[in-house]
Amino acid sequence: MSRLSIAQYFPFMRMKIDKQTVHNETGPSVLIRIVPDQRFRPLCHACGSPAATVHSQGHRRHLRDLNMASHQVWLEVAYRKVWCSECGGVRVEQLSFADAAKRVTHRLARYVYDLCKVMTVQDVAKHLELDPKTVKAIDKTFLEQEFAEMDTKGLRVLAIDEIALRKGHNYMTVVMDYFTGRIVWMGDNRDKDTLDRFFAELTDPQKQGIEAVAMDMWEPFINRVRHHCPQAQIVFDFFHVVQAFGKVIDTVRRDEYRNATDHEKKVLKGSRYLLLKNPENLKDDQPHRLEEVLALNETLSVLYVLRGQLKMLYYYSDRRKVKQTLDDWCRMAETINHPDVQRFVKRLRFFEYGILNHADYPISTSELEGANNKIKVIKRRAYGFHDSEYFALKVKQAFAA
């Protein structure tokens with residue numbers, strides 16, 4: 001007589017295996033019937049207290065467990081309802097291996113969560129033959145346990161930016177701890193209320209401990225940082241400043257093209273990226289074409305020089321030197337008689353404090369821009385997230401220290 005037993009693979013407290021059946025008709029599966037071990041006193045599922053008495057028996061439910069080799073494993077669990085003196089009512093008997101409202105065991109749920117770290121929900125669902133909604137619910141439950149609470153430890157310097165969640169200007173605001181690179185918080189939209197929700201989760205000492213914040217020149221963000229952390233230095237990101245000026249150059253280029261002769265149009269056509277690229281990134285015949293464009297149009301030539309000089313604002317660590325460079329740049333830009341250029345100069349003057357602050361805090365949102373690329377990969381892997389809360393949890397998991 002064989003002494004082999006599968007009991008050691010099901011070490012469930014206060015339960016014992018009663019029967020096992022193998023099915024191969026609709027696919028390899030195993031049904032294992034588990035019943036209460038009468039040697040142990042049942043516990044209340046709600047509070048964990050020993051039950052005063054058994055209220056009723058004969059209740060059954062089916063749970064999915066970890067596969068055994070190529071076979072799906074289903075548990076037919078017999079359980080009791082008990083009278084709990086502590087709760088003062090009838091409660092379901094506690095099961096050590098599953099929750100009362102779930103249809104999978106704890107260990108299968110943990111396995112699903114581990115797979116979701118490296119696979120999409122759809123792939124995990126297909127691999128285990130589970131409903132994708134079940135897989136997502138399991139993953140989200142574990143993520144909430146681990147990442148729902150915001151980690152505010154050691155916040156001194158922040159980077160704030162937004163990411164497009166879907167087409168149609170649906171944004172999420174992302175807050176990063178600049179020094180550790182962890183995503184501290186994500187929230188829907190990019191307005192005043194968005195950052196108010198973030199700061200509402202910080203204590204007053206934590207707000208007072210924030211020294212600097214890197215961001216773009218987005219006034220709702222500026223407003224709320226000044227309101228909640230008046231002592232913090234606001235630093236405008238180099239990338240966004242140059243990007244904004246690039247849009248000005250492109251607007252001027254289109255206007256110059258419309259007013260050009262046929263010959264000049266042939267030279268200017270297709271020059272958009274020539275004017276916006278860094279010299280070291282030009283390829284093949286592009287340097288020669290750029291020389292032709294700059295020689296042909298004096299306005300574009302001056303703007304191209306200004307674009308290069310704009311970067312110098314972020315090279316100095318002396319505020320006076322930055323201020324002098326900014327003044328010189330603005331005087332040169334003011335010589336160009338174009339409304340978009342003049343508006344950009346006024347905007348720089350209005351926000352110059354955030355450029356000068358870079359001399360004291362040489363920070364930017366470049367780290368966050370890199371993080372945004374990783375966030376976009378997470379979004380693409382999931383073919384978009386309709387649940388923004390779940391998406392935020394997945395991002396926090398990906399950037400956990």
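A residue is taken as buried when its relative accessible area is under 20%, as exposed when that area is over 50%, and as partly exposed in between (1.4 Å probe, protein chains only). By this criterion, six of the eight residues of strand β2 (residues 29–36) are buried, so β2 is largely enclosed by the rest of the structure. Helices (H or I, at least four residues) and strands (E, at least two) are DSSP runs, numbered from the N terminus.

The structure is a predicted model, in which local features need pLDDT of at least 70 and side-chain atom pairs count only at pLDDT 80 or more, whereas totals for chains, interfaces and linings use all residues. Residues are numbered from 1 along each chain as its sequence is written, and side-chain values use heavy atoms, with hydrogens and water left out. The pLDDT, the predictor's confidence in each residue on a scale from 0 to 100, averages 89 over the chain, and 97% of the residues score at least 70. Among the elements of the chain, the highest mean pLDDT, 96, belongs to helix α1 (residues 106–116), and the lowest, 76, to helix α15 (residues 366–381).

Strand β2 has two pairing partners described here, pairing being assigned where DSSP finds at least two bridges between two strands. With strand β1 (residues 15–23), β2 runs antiparallel and is joined by eight bridges; Ile17 has Ile34 of β2 as its bridge partner. The two strands form a hairpin with five residues between them, and Gly27 in the turn has a positive phi of about 135°. With strand β4 (residues 71–84), β2 pairs in the parallel sense over six bridges, and the bridge partner of Ile32 in β4 is Leu75.

Most residues other than glycine have a negative phi. Ala69, in the loop between β3 and β4, has a positive phi of about 60° although it is not a glycine; Ala69 is exposed, with a relative accessible area of 75%. Asp284 lies in the loop between α9 and α10 (286–296), where its phi is near 50°, a positive value. Asp284 is likewise exposed, at 79% relative accessible area. A further positive phi, near 55°, is found at Glu129, which follows α2.

In helix α2 (residues 121–128), the buried residues are Val121, Val124, Ala125 and Leu128. These residues cover an arc of only 100° around the axis, which puts them on the same side of α2; the arc is that of the directions from the helix axis to the C-beta atoms. Their cover includes β3 (53–68), β4, α1, α3 (132–147) and α16 (388–398), contact being defined as heavy atoms within 4.5 Å.

Helix α10 has the buried residues Leu290, Val293 and Leu294. Seen down the axis of α10, these buried residues fall within an arc of 95°, so they line one face of the helix. The face turned away from the buried side carries the exposed residues His288, Glu291 and Ala295. Elements covering the buried residues of α10 include α8, α9 and α11 (298–310).

Val267, in helix α8, counts as buried at 14% relative accessibility. Not counting residues up to four places away in sequence, Val267 touches Arg289, Glu292, Val293 and Leu296. The C-alpha atoms of Val267 and Gly308, 41 residues apart along the chain, are separated by 22 Å. Ser271, in the loop between α8 (262–268) and α9 (272–276), counts as buried at 0% relative accessibility. Leaving aside neighbours within four places in sequence, Ser271 is in contact with Arg253 and Val293.

Grid points are joined across faces, edges and corners, and a volume is the space filled by probe spheres set on the points. The largest pocket holds about 670 Å³ of space. The elements giving two or more residues to its lining are β6 (157–166), α7 (238–258), α13 (339–350) and α15. Of the 22 lining residues, Glu162, Asp216, His240, Gln243 and Lys247 lie nearest the centre of the pocket. Helix α7 provides the largest share of the lining, six residues.

Key. On a 1 Å grid over the protein atoms alone, a cavity is a set of points where a 1.4 Å probe fits but cannot get out, and a pocket is an open set with protein on both sides within 12 Å along at least five of seven lines; lining residues have an atom within 4 Å of a point.
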